[in-house]
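Here is a short tour of one protein chain, written for someone who likes to see the cut-offs beside the numbers. Keep the viewer open as you read.

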Amino acid sequence: MNTTPNRQAIENIYPLSPMQQGMLFHSLYAPSSGAYVIQVSYELHGNLNILAFEQAWQHLVNRHTVLRTAFVWDKLEKPLQVVGKQVKCPITHLDWQNYSTTTQQQELSILLQKERQQGFSLSQAPLMHITLIQLAPTVYQFVWSYHHLLLDGWSMPILLQEFLMIYGVYSRGQTPTLSNPRPYRDYIAWLQQQNVSQAETFWKQHLQGFTTPTRLGIGQPGDAQGDNLSTHYTEQSIHLTCEQTQQLYNFAKQQQITLNTLVQAAFALLLSRYSGEMDILFGTVCSGRPGTLAGVESMVGLFINTLPLRVLVSPQQKLYSWLQKIQFQEVEIREYEYSNLTDIQRCSEVPRSLPLFETLVVFENYPVEPALKQSLDTVQIRNFHATEQTNYPLTLYAVVDSQLSLRLLSDRDRYTEDNITQLLQQLETLLLGMLTQGDCALVELPLLYPAQQQQILVDWNVTVKEIPDQCLHELFAQQVKETPDATAVVFEEQRLSYSELNSKANQIAHYLQKLGIQPEARIGVYLERSPQLLIALLGILKTGAAYIPLDPSYPAERLRFMIEDAQIALLLTESSLGEVGGQGTGEQRGRGAEGQGEIKITSSSANYQVICLDTDWEAITQCCTNNPECQVNLANLAYLIYTSGSTGTPKGVMVEMRSLVNVLTALKQQLSITASDRLLASTTIAFDIAALELFLPLIAGAQLILTRQTALVDPGQLTAAIKQYQITVMQATPATWRLLLTSGWQGKPDLKILCGGEALDNSLAAQLLSLSQEVWNLYGPTETTIWSTVQQLNNGESVNIGYPIANTQFYVLDNYLQPVPVGVPGELYIGGAGVARGYWQRPDLTAQRFVPNPFVGDWGAGEQGGRGVESKYSFTSIKDSLTEFKDSSASIKDSSASIKDSLTEFKDSLTEFKDSSASIKDSLTEFKDSSASIKDSLTEFKDSSASIKDSSPMPNAPCPIQNRRSRPLFTVW
């Protein structure tokens, strides 16, 4: 309620300062929120003179006008502050001597919370209350609650020093005699004399072009909270060592800047790294005590003001000059520190419906502790503690003493405790990095503290597994020896044993060798789905050549593009399909390897042989059935597969044999594929995931079930095949699984479901789990060989992209290839054995997407760590610049990443008394608003520790793992 004071009881009336206006608005907006209620508490040990204690506090109230001030606003154009002539200091006495220590602490917490929520009637002085609690015969708990409208942090040591002096005098039975302090109204008068139009010009220039508040980029979106804000805020703090603090002091002195500038610079870097922005704006608190006002340093009242600091973080700018620039800005801003934040926001281009900033930095260097250390004859002050609360989502307090203390006050509805712990540790890392990195580029300053860097770069990527030193066809041949008579492939009524399949593939291979096919040759495969397709693929791989899959259902134009772009040496097809794409441009003539059946098509851009497996089969069967001899190794190309071209021209991705063997052997083990399994191949050969379906069962002794082309889009045929052949493993996209469910498929209790190629939502995952034995979610771009991560789903568990498979590393990096903190959006970079050789005949794009990996050496040499990978990668906001895959699998969410550390104890020293006046959101703002590229030829990469980028280049960084033989590439997702 707004009560009009008795005129005769009024000593003075004057306007509010800019900061007081903002505080008044927020206090009236949420009267029970506890915002801007400051609570100072400490213990008094000794023989306390109660009468002298009360007299000393009353003397302070009589002496300082701000302690007798109330505020009125009803029916007024602008609010006013009213100073009463006589105001009694309210002191409550409590006796808790019969309580246990534990109960006393519990009761104290309840009392503090109650007083915060109760707040003050702002129109009735005094806006303060003292509680004195006796805990033991010579121990008292002192609690002083007051509204921030009255005092700033600088005023605190002045009052404490005066209290100690006055208490000592009264204790001796004497009357204090102190000179009268300069009243707060003199500061208000000084404010009225400042040049507002000049300040407006400055702020318009300072904020020109800034249109959106800087968001931290983590946590939950901000929503307006209810009245009880006190339950929404929490705090954490860390303390630098005395040595570190002194080093920062010395560094600041060398650079001719203040320690405040260093803290603000570190916070600006933190905001930039988290938000991804270079133009950063946050709030800062200035002392507001003008040097031109005589005696201002000893005045008591609220002088501070909150102002915006705009910092441009150019990643390549040198540190020292950047710090000087921030220091210069602070000096400039200080000339206009009297400005009202509401007026400042009007000068900006930020919409009035948004706050100008959401984060605040408060630097406190006022000498509170020396005031407390003054000795009294009979009383000692211990365990000093101060609490406060703001209406900002995040406020950093930097408190200076022999140790620099960093405290974050945060809205727990926006940020988790782990968020805040991480921010504090990284802020410390940035500060200390300024001491050790020299005059480096800003991008080179480390953000991750060493333990987190080890965790993100190394521990979560411990995926080393031995890759068999055998090519795919050799693994298949080994399986043939073990189970020659077992069924390898089933297609309708046709069945081929492992031995039969191998013999036919060998004949194809020998036939191709007679035609002059050598390793690395590119052979197009244009066949209908049948055992002949599998025979052809195996035959090609046995020669060391690479296959280019061509789906007969694809448009003619696309097929011709792939054939011409790949510059194939030979095309395997069948006569029933006719010419590729249905339109030939050349001639056909008949002469095969033995003088029969060759078809030659001369196109506009290439010459290649065409072998029709049906018409030429008789000649092929004349070839040897033994395994061919060929100088094939893991570095040879296995296949060249084209991307969809959804983001432009289709790109041919070159996948080496090592990459294919790695993914097949890794998933054979991880998915527990055995000889008893029957895998249904339901994917077009033009998709790389078809390679998993075709080859995985053949290295496990399992059965491969092939379907006709029509079954790929017919849920009825798929359902029938699952039932008829008793399928135990099936891979398909979420769209295909959804199609099956819509058609009435009832599931199969022993079916192992593999799902990938699109984002799998939780609802579909739950349905599939209820209808099958297992559900696995898989993720991976074409450029990293079929799949890069797997996740076995469990009931009630949210879908994410899972764990990296063997010999695969995942990194989430910023635009400069620096690892981002947990929870921060970034771009996904995939490294390891699965990374493709590059793009066929696209050296520029290859150099852009496949870049040197600065973090790891070769996956195959040595050990990477002592434990298995525990990292999960959850769906958050990640860019997929190659395929526009919108899964956003960016932020790393490790099962061990959840930092469960308890809050750091807030130490009981006066240096931690925080100036809550600093955390004001904006004076009436809301009052008015809201009532390396690959440099050698693409065939020269010999091993597979390549890595894959998800969109950007990075400066050199120390490798956390010892050097190994490496193919230093990785690719961007």
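Let's begin with helix α8, residues 259-275, which has 17 residues and spans 24 Å from its first C-alpha to its last, close to the 24 Å expected at 1.5 Å a residue. That expected span is 1.5 Å times one less than the number of residues. Helices here are DSSP runs of H or I with at least four residues, strands are runs of E with at least two, and both are numbered from the N terminus.

A word on the source: this is a predicted model, in which local features need pLDDT of at least 70 and side-chain atom pairs count only at pLDDT 80 or more, while totals for chains, interfaces and linings use all residues. Residues are numbered from 1 along each chain as its sequence is written, and side-chain values use heavy atoms, with hydrogens and water left out.

How many residues of α8 are buried? The count is 16 of 17, so α8 is largely enclosed by the rest of the structure. Buried means under 20% relative accessible area, exposed means over 50%, and partly exposed lies in between, using a 1.4 Å probe and protein chains only. Just after α8 comes Gly276, with a positive phi of about 75°. In the loop between α7 (242-254) and α8 sits Gln256, a non-glycine residue whose phi is also positive, about 60°. Gln256 is exposed, at 65% relative accessible area.

Two helix pairs are set out below. Axes are lines fitted to C-alpha atoms, for helices over the stretch in contact, and angles run from 0 to 180 degrees between N-to-C directions.

| Helix pair | Angle | Axis distance |
|---|---|---|
| α8 and α9 (residues 319-334) | about 110° | 10 Å apart |
| α15 (residues 498-514) and α16 (residues 531-542) | roughly 55° | within 7 Å |

The α15 and α16 angle makes that pair oblique, whereas α8 and α9 are roughly perpendicular. Angles under 35 degrees count as roughly parallel, over 145 as roughly antiparallel, 65 to 115 as roughly perpendicular, and the rest as oblique. α8 passes α9 in a right-handed crossing, and α15 passes α16 in a right-handed crossing too. In a right-handed crossing the near helix is turned clockwise from the far one by less than a right angle.

Contact means heavy atoms within 4.5 Å. Among the α8 residues that meet α9 are Leu262, Ala265 and Leu269, and their partners in α9 include Trp322, Leu323 and Ile326. Between α15 and α16, the residues in contact include Leu501, Ala505 and Ile508 on the α15 side and Leu534, Leu538 and Lys542 on the α16 side.

Further along, helix α19 (residues 657-670) has 14 residues and reaches 20 Å, close to the 20 Å expected. Eleven of those 14 residues are buried, including Met657, Arg658 and Leu667. Ser672 follows α19 and has a positive phi near 55°.

Strand β25 (residues 703-706) holds Ile705, which is buried at 1% relative accessible area. Leaving aside residues up to four places away in sequence, Ile705 touches residues including Val490, Leu679 and Tyr725.

Two loops deserve a look as well. Asn807, between β30 (803-804) and β31 (808-813), is a non-glycine residue with a positive phi of about 60°, and Asn807 is buried at 1% relative accessibility.
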